[in-house]
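Please find below a note on the model under review.

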Amino acid sequence: MSSPSSVHFIDSALSCTSPFALSYTDPDKKWLIRKHLILLLQNFPSFRPSVDVFTHNDGNIVNLLFATGELHVSNSASPINLSIWLHENYPDMAPIVFVSSNLGKFSTFPPIHLIVLKLFKLLVVIYRDGSDMNQ
């Protein structure tokens with residue numbers, strides 16, 4: 001279960017109407033963003049929601065929701081730090097995922113197929129309703 005404070009944060013961010021309001025305009029998509037982000041937090045409890053300015057490659061600046069946390073790939077490897085930004089045209093545009101560049105901290109680097117599998121499962125949580133991704 002995601003924490004009540006995380007749900008409250010998401011609700012407050014999506015309902016903000018000040019100059020710092022998020023760049024999501026469609027009310028129906030806002031509810032879908034809320035639902036998907038809460039599912040992500042429920043299935044990956046190390047992730048925390050946040051809001052910040054995102055600058056696209058073309059210089060366009062938007063206010064977006066994102067989640068940061070650790071993705072545990074295997075018991076023998078250090079977790080991977082991720083930031084998952086929900087694009088202003090989400091769900092029509094895929095989330096923007098950044099992987100921490102601090103690869104020197106790995107005692108054992110996890111096999112690439114495990115990283116890809118975990119990332120795929122994480123993105124499925126964002127796009128699909130109510131599944132348990134701990135399998």
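The points below take up the sheet, the helices and the aromatic residues in turn.

1. The coordinates come from a predicted model, and the remarks that follow should be read accordingly.

2. The sheet is open and consists of four strands in the order 1-2-3-4, paired in the antiparallel sense. Strand 1 and strand 4 form its edges, each pairing on one side only. From one strand to the next, the twist averages 30°.

3. Strand 3 is mostly covered, with five of its six residues buried.

4. Helix 1 spans residues 4–15, twelve residues in total. The distance from its first C-alpha to its last is 16 Å, close to the 16 Å expected at 1.5 Å a residue. This helix lies across strand 1 and strand 2, and its direction is at about 30° to strand 1.

5. How are the buried residues of helix 1 arranged around its axis? The residues concerned are S6, V7, I10, A13 and L14. Viewed down the axis, the buried residues fall within an arc of 130°, so they line one face of helix 1. As background, an α-helix has 3.6 residues a turn, so residues three or four places apart point the same way. The face of helix 1 turned away from the buried side carries P4, S5, H8 and S15, which are exposed. The cover over the buried residues of helix 1 includes helix 2 (27–43), strand 1 and strand 2.

6. Helix 2 also packs on the sheet, where it touches strand 1, strand 2 and strand 3. The direction of helix 2 makes about 20° with that of strand 2.

7. Four aromatic pairs are found when the whole structure is searched. One of them joins F54 and W85: the ring centres are 5.0 Å apart and the planes stand at 55°, so the pair is tilted. With an angle over 60° the pair would have counted as edge-to-face. F54 belongs to strand 1 (residues 48–55) and W85 to strand 3 (residues 80–85), so that the pair links distant parts of the chain, 31 residues apart. Both F54 and W85 are buried.

8. F54 takes part in a further tilted pair, with F98, at 6.3 Å centre to centre and 45° between the planes. Because F54 lies in strand 1 and F98 in strand 4 (residues 96–99), this pair ties together parts that are 44 residues apart in sequence. Are F54 and F98 buried or partly exposed? F54 has a relative accessible area of 9% and is therefore buried. F98, at 41% relative accessibility, counts as partly exposed; the cut-off for buried is under 20%.

9. The aromatic residues may finally be taken as a group. F54, F66, W85 and F98 form one aromatic cluster.

Definitions and conventions
Residues numbered from 1 in each chain as written. Predicted model: local features only at pLDDT ≥ 70, side-chain atom pairs only at ≥ 80, totals over all residues. Heavy atoms only, no water. Phe/Tyr/Trp six-rings, centres within 6.5 Å; stacked < 30°, edge-to-face > 60°. Helix = DSSP H or I, 4+ residues; strand = E, 2+ residues; numbered from the N terminus. Buried < 20%, exposed > 50% of the residue type's maximum accessible area, 1.4 Å probe, protein only. Expected span 1.5 Å × (residues − 1). Arc of directions from axis to C-beta. Contact = heavy atoms within 4.5 Å. Pairing = 2+ DSSP bridges. Axes fitted to C-alpha atoms, helices over the stretch in contact; angles between N-to-C directions.
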